[in-house]
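Trainee: I have a new structure to read and would like to go through it feature by feature. Could we take the backbone, the helices, the sheet and the rings in turn?

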Amino acid sequence: MEREVKFDLQSALGQRKSITIQIRDIEQVMGDDWLLEFSAQAQELGLRVDPHRSDPSLLSVTRA
């Protein structure tokens, strides 16, 4: 049985309006194919995920 591993995006965001996350932190939890699952989780939570403006190793996650 394959276990689904999720980055706990809701806990990471908490009550804040937005956060910045290191992509490597997400990869460590979810593996190399993290983008599709991470994006789906963000969509379920009503969050917007964008590349960071100045650092390609970061993502900005914002409440919609």
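Trainee: Which residue just after α2 takes a positive phi?

Mentor: This is a predicted model, and in it Gly31 has a positive phi of about 90 degrees.

Trainee: Which residues of α2 are buried?

Mentor: Buried here means under 20% relative accessible area. In α2, which spans residues 23–30, Ile23, Ile26 and Met30 are buried.

Trainee: Why are they on the same side of α2?

Mentor: Look at the arc they cover around the axis. That arc is only 60 degrees, so the three residues Ile23, Ile26 and Met30 fall on the same side of α2.

Trainee: What does the face turned away from the buried side carry?

Mentor: Arg24 and Gln28 sit on that face of α2, and they are exposed.

Trainee: What covers the buried residues of α2?

Mentor: The cover includes the strands β1 (18–22) and β3 (58–63), together with helix α3 (34–44). As for direction, α2 lies across β1 and β3 and runs at about 70 degrees to β1.

Trainee: What is the order of the strands in the sheet?

Mentor: The order is β1-β3-β2, in an open sheet of 3 strands with antiparallel pairing. β1 and β2 (47–51) are the edge strands, each pairing on one side only. From one strand to the next, the twist averages 25 degrees.

Trainee: Over how many bridges do β1 and β3 pair?

Mentor: They pair over 5 bridges, in the antiparallel sense.

Trainee: Which strands does α3 touch?

Mentor: α3 packs on the sheet and touches β1, β2 and β3. The direction of α3 makes about 140 degrees with that of β2.

Trainee: How many aromatic pairs does the structure hold?

Mentor: There are 2 aromatic pairs. To name the geometry, take the angle between the ring planes: over 60 degrees counts as edge-to-face. Phe7 and Phe38 have planes at 65 degrees and ring centres 5.9 Å apart, so their pair is edge-to-face. This pair links distant parts of the chain, 31 residues apart: Phe7 is in the segment before α1 (9–13) and Phe38 is in α3.

Trainee: Which residue forms an edge-to-face pair with Phe38 at 75 degrees between the planes?

Mentor: Trp34 does, at 6.0 Å centre to centre. Trp34 and Phe38 are separated by about one helical turn because they are 4 residues apart in α3.

Notes:
Residues numbered from 1 in each chain as written. Predicted model: local features only at pLDDT ≥ 70, side-chain atom pairs only at ≥ 80, totals over all residues. Heavy atoms only, no water. Buried < 20%, exposed > 50% of the residue type's maximum accessible area, 1.4 Å probe, protein only. Helix = DSSP H or I, 4+ residues; strand = E, 2+ residues; numbered from the N terminus. Arc of directions from axis to C-beta. Contact = heavy atoms within 4.5 Å. Phe/Tyr/Trp six-rings, centres within 6.5 Å; stacked < 30°, edge-to-face > 60°. Pairing = 2+ DSSP bridges. Axes fitted to C-alpha atoms, helices over the stretch in contact; angles between N-to-C directions.
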